[in-house]
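Please look over the sequence and the three-dimensional structure below before reading the notes that follow, which are grouped by topic.

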There are 2 protein chains.
Amino acid sequence: MSAAPDLLFRTLADPTRRAIFERLCREGEQTVGALTARSGVSQPAVSKHLGALKQAGLVRDRHEGRQTHYSARPGALNPLIDWTGRMAGFWQKRLDALDDLLKRMDQ
Amino acid sequence: MSAAPDLLFRTLADPTRRAIFERLCREGEQTVGALTARSGVSQPAVSKHLGALKQAGLVRDRHEGRQTHYSARPGALNPLIDWTGRMAGFWQKRLDALDDLLKRMDQ
DNA sequence: TACATCCATAACTTCCCAGTTATGGATCTT
DNA sequence: AAGATCCATAACTGGGAAGTTATGGATGTA
């Protein structure tokens, strides 16, 4: 069930897509048009990225008339935080084990 | 100087490569042969992944005779932790601003 | 109604990258 | 010295994904 980090890493690996997500985090809800304006790519490309972000649970969309508003869902980053924490944890655990060993050797 | 997260995300996006890094975190230093044995891919593929991990600063290598030992460098994950923290921070900051606004409207 | 705007999807092209096999240098073994 | 083992690099192939243009549905506006 470690599939969550995989999708998150894959989704955030693309710079354009990550930039869109960052903008949504910084500036809050945005329409597709607003995001397209300063993205450097075409509108369909932005829509596709937003689709990927949505599938990864990183954004929400809200329809209002003919425009769609997207907003970030930072909670979706939790599996990423967990993963990094786990990696650091393994490291620490092995350090502790080494520490123990050294203490036992010391006496 | 936000190039660090980019390289990290790109490097960790590949499942095989991330699995190698995870094993190094969990079990500590490993030779290329040991990593290849349970990786599901060929030895050259593993070498290539290790090269990518090394270039991203995620692993160290140590030569000993004809074998090369690789070990994880969890400190390299710091830019990732910073990035996620920053995203969550933006979110929180906007929540606080909203809170302020509501308070001012309330009185 | 007719036209314009906003967004999503389809169809296509291009390019990057993960994987392979082949090979060679370096080191250990006999 | 000869053979075997470990690893890295080169050369190549295939698949996927990010980008484009074209288009259409839905909604707002004249």
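Is Trp83(B) buried or exposed? Trp83(B) is buried, with a relative accessible area of 0%, where buried means under 20% relative accessible area, exposed over 50% and partly exposed in between, computed with a 1.4 Å probe on protein chains only. This is a predicted model, in which local features need pLDDT of at least 70 and side-chain atom pairs count only at pLDDT 80 or more, while totals for chains, interfaces and linings use all residues. Residues are numbered from 1 along each chain as its sequence is written, chains are lettered from A and ligands numbered from 1 in the order in which they are written, and side-chain values use heavy atoms, with hydrogens and water left out.

**Aromatic rings**

- Over all chains there are five aromatic pairs, a pair being two rings of Phe, Tyr or Trp (its six-membered ring) with centres within 6.5 Å, counted as stacked when the planes are under 30 degrees apart, edge-to-face when over 60 and tilted for the rest.
- The rings of Trp83(A) and Phe21(B) have centres 6.1 Å apart and planes at 35 degrees, so this pair is tilted.
- Because Trp83(A) lies in helix H5 (residues 78-106) of chain A and Phe21(B) in helix H2 (residues 15-27) of chain B, the pair joins two chains; helices (H or I, at least four residues) and strands (E, at least two) are DSSP runs, numbered from the N terminus.
- Both Trp83(A) and Phe21(B) are buried.
- Phe9(B) and Trp83(B) form an edge-to-face pair, with 5.1 Å from centre to centre and 80 degrees between the planes.
- Phe9(B) belongs to helix H1 (residues 3-12) of chain B and Trp83(B) to helix H5 (residues 78-106) of chain B, so their pair ties together parts that are 74 residues apart in sequence.
- Phe9(B) counts as buried, at 0% relative accessibility.
- Ring pairs link Phe9(A), Phe21(A), Trp83(A), Phe9(B), Phe21(B) and Trp83(B) into a cluster.

**Strands of chain A**

- Strand S3 (residues 67-72) of chain A is largely enclosed by the rest of the structure, because five of its six residues are buried.
- Strand S2 (residues 59-64) of chain A pairs with S3(A) in the antiparallel sense over six bridges, where pairing requires that DSSP finds at least two bridges between the strands.
- Glu64(A) has Gln67(A) as its bridge partner in S3(A), and in the hairpin of S2(A) and S3(A), with two residues between the strands, Gly65(A) takes a positive phi near 65 degrees.
- Strand S1 (residues 30-31) of chain A also pairs with S3(A) in the antiparallel sense, over two bridges, and there Gln30(A) has Tyr70(A) as its bridge partner.

**Surroundings of DNA strand D**

- DNA strand D is surrounded by 21 residues, the closest being Ser42(A), Lys48(A), His49(A), Gly33(B) and Ser47(B); a residue is near the strand if one of its heavy atoms lies within 4 Å of it.
- H4(A) gives the most to this surface, with four residues.
- A side-chain N or O atom of His49(A) is 2.2 Å from a phosphate oxygen of DNA strand D, whereas a polar side-chain atom of Arg66(A) lies 3.4 Å from a base oxygen of DNA strand D.

**Cysteines**

- The structure holds zero disulfides over all chains, a disulfide being a pair of cysteine sulfur atoms within 2.5 Å.
- Cys25(A) is buried, with a relative accessible area of 0%, and Cys25(B) is buried, with a relative accessible area of 0%.

Note on methods: Polar contact = N/O pair within 3.5 Å; in protein donor to acceptor, adjacent residues only side chain to side chain.
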